[in-house]
Amino acid sequence: MPDSKRNSPAGIDAGLLAALMDKVSEFGSTGDGGLDRPALTDNHKAARDWFAAEMRARGYTVLVDAIGNLFGRIDLAGPDAPVVMIGSHLDSQPLGGRFDGAYGVIAGLAAVETFRREAVEPRCNYIIADWMNEEGARFQPSLLGSSVFTGAVPLDWALERRDRDGKSVAEELRRTGYAGSDAAPRPDLYLEVHIEGDDKMEKAGARIAPFLRHWGALKIRIEVTGEQNHTGPTPMQDRKDAVLGAAYIIAFVRELADTAADTLYSSVARLDVSPNSPNIVPGKAVLFAELRSPEPAMLEWSEARLRAALPALAARASVTAEIVAVDRRPAGRFDPRLVALSEAVADDFGYPRIRLDTIAGHDAVAVNAILPAIVVAVPSVGGVIHRNDEYTSPEDLAAGGDVLVEMIRRIDRSGGDLNLATETP
Ligand SMILES: [Zn+2]
């Protein structure tokens with residue numbers, strides 16, 4: 001249609017995007033479409049060395065901070081201009097796919113390169129980010145580099161994380177040449193494109209999907225204490241069976257999901273029983289409960305309900321129960337202006353779109369705690385992720401790149417003012 005074509009904005013340099021994707025996919029290639037590039041391995045170092053050299057050759061200033069986040073900065077608008085950061089991660093799962101993470105980093109560079117060529121009087125500066133250890137495969141937890149960046153995780157603690165061979169993040173940063181000393185840049189907003197890693201887009205025929213919310217999680221460890229006894233002679237009324245107490249708690253954790261006013265997922269997927277013998281009334285049981293929701297209020301509600309119910313649930317089995325540890329990943333909402341902007345841009349390209357939430361972590365989830373941030377997803381064929389046959393077509397990769405470069409144009413034109421960028425195409 002000539003009309004819609006005339007109105008459609010210019011796309012990303014798809015040739016550059018494809019060439020850079022091909023190149024980055026060589027590092028750690030397993031020869032079967034996948035790649036093996038866990039954080040701070042030789043393969044990861046090779047990919048980062050190439051990417052840093054590529055950015056330098058294009059005129060970017062390369063920075064590495066103390067947790068090994070790699071940044072390429074290009075100043076187009078003078079020292080006081082707003083700073084737009086775009087990125088993702090070059091590390092992969094062991095025997096992972098070649099699109100998860102790498103796409104967001106490469107598309108960021110290709111988008112800024114596309115924009116630079118055409119920009120007349122740019123009003124923002126740009127940074128491409130490759131976050132260290134997004135995957136959490138070799139070093140736990142995941143989102144390590146981006147979480148240190150936001151201050152959610154202390155640097156010293158992050159540097160002490162060890163892989164299963166006992167090697168620390170600090171040692172491996174030094175070995176690979178990424179124990180940096182540059183101050184991390186302070187951008188004004190953050191954009192990330194990423195493969196969906198699920199098949200909702202494919203099923204809906206969508207090519208673009210902004211994430212609206214990221215789910216939060218509570219990982220709660222509960223210790224149930226009873227009394228160890230023989231399962232034969234001990235009279236029923238005298239038994240203090242820790243597993244029976246655990247069973248009441250497990251059923252209650254499920255009931256929380258079934259009675260919640262909004263979406264709540266819950267599970268108890270691990271139970272450590274002591275002494276775990278068929279003819280001993282168990283004296284101890286440790287439950288690993290998880291509660292997940294896109295709404296912070298649901299996590300608060302479920303935790304409060306669980307805490308309030310525990311004594312009575314335990315008393316039903318004549319045992320005691322105590323919460324001994326709680327890990328919290330906060331739920332949140334990506335910047336609604338960036339969501340609206342991505343949707344307006346997708347519509348202008350004529351790309352069918354849907355809205356998604358993400359249950360999985362992304363660097364943008366970490367960054368969203370301190371900056372306006374968004375993830376824009378492109379479809380994954382068959383919903384496959386973290387495997388060699390993870391795949392997104394070059395056309396869909398380019399579609400995500402088109403949306404990214406046009407978002408950059410509108411943000412730049414508005415001088416980094418997201419209210420203005422959303423209002424004026
Ligand atoms: Zn990823």
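1. Let me start with Arg73, which lies in strand β2. Please keep in mind that this is a predicted model. Arg73 is partly exposed, with a relative accessible area of 22%; the cut-off for a buried residue is under 20%, so Arg73 does not count as buried. Its side chain makes a polar contact with the side chain of Asp75, at 2.7 Å. Not counting residues up to four places away in sequence, Arg73 touches Tyr60, Thr61, Val83, Asn125, Tyr126 and Ile127. For a sense of scale, the C-alpha atoms of Arg73 and Asn229 are separated by 66 Å, and the two residues are 156 apart along the chain.

2. Asn69 is worth a look next. This residue sits in the loop between β1 (61–64) and β2 (70–74). Is Asn69 buried or exposed? Asn69 has a relative accessible area of 0%, so it is buried. A polar atom of the Asn69 side chain lies 3.0 Å from the backbone oxygen of Gly145. Leaving aside neighbours within four places in sequence, the contacts of Asn69 include Arg48, Asp130, Trp131, Gly145, Ser146 and Phe149.

3. Now to the metal. Which residues coordinate the zinc ion? They are His89 and His194, each through NE2, and Asp100 through OD, at 2.0 to 2.2 Å. Along the sequence, these donor residues follow the spacing H-x10-D-x93-H. His89 and Asp100 are 11 residues apart, and both belong to the loop between β3 (83–88) and α4 (102–118). Both His89 and Asp100 are buried.

4. On to the nonpolar interior. In soluble globular proteins, nonpolar side chains tend to be buried together. The largest nonpolar core here has 73 residues, and Phe51 and Leu191 are the ones that touch the most other members. Helix α4 supplies the largest share of this core, 10 residues. Leaving aside neighbours within four places in sequence, Leu191 is in contact with Val84, Met85, Ile86 and Gly87, and also with Leu338, Ile374, Leu404, Met407, Ile408 and Ile411. Another core, of 27 residues, lies apart from the largest one; Ile220, Ile249, Phe252 and Leu310 are among its members.

5. Four strands form an open sheet in the order β9-β11-β7-β12, with antiparallel pairing. At the edges are β9 (265–274) and β12 (320–329), each pairing on one side only. On average, neighbouring strands of this sheet are turned by 15° against each other, direction ignored.

6. You can follow the pairing strand by strand. β9 is joined to β11 (residues 284–293) by nine bridges, and Leu271 has Leu287 in β11 as its bridge partner. β7 and β11 pair over 10 bridges, in the antiparallel sense; here Leu218 is partnered by Leu291 in β11. Nine bridges also join β7 to β12, again antiparallel, with Val326 in β12 as the bridge partner of Ile220. Ile220 is also one of the members of the 27-residue core.

7. Finally, the helices beside this sheet. Helix α9 (residues 242–259) lies across β7 (216–225), β9, β11 and β12, and runs at about 5° to β11. Helix α10 (residues 296–315) packs on the sheet as well, touching β7, β11 and β12. The direction of α10 makes about 165° with that of β12.

How values were computed. Residues are numbered from 1 along each chain as its sequence is written. This is a predicted model: local features need pLDDT of at least 70, side-chain atom pairs count only at pLDDT 80 or more; totals for chains, interfaces and linings use all residues. Side-chain values use heavy atoms; hydrogens and water are left out. Two strands pair if DSSP finds at least two bridges between them. Helices (H or I, at least four residues) and strands (E, at least two) are DSSP runs, numbered from the N terminus. Axes are lines fitted to C-alpha atoms, for helices over the stretch in contact, and angles run from 0 to 180 degrees between N-to-C directions. Contact means heavy atoms within 4.5 Å. Buried means under 20% relative accessible area, exposed over 50%, partly exposed in between (1.4 Å probe, protein chains only). A polar contact is a pair of N or O atoms within 3.5 Å; within protein, one must be able to donate a hydrogen and the other to accept it, and residues adjacent in sequence count only if both atoms are side-chain atoms. Donors are N, O and S atoms within 2.8 Å of the metal (3.2 Å for Na, K and Ca); water is not among the atoms, so sites may look incomplete. A nonpolar core is a set of buried Ala, Val, Leu, Ile, Met, Phe, Trp, Tyr and Cys residues joined through side-chain atoms within 4.5 Å.
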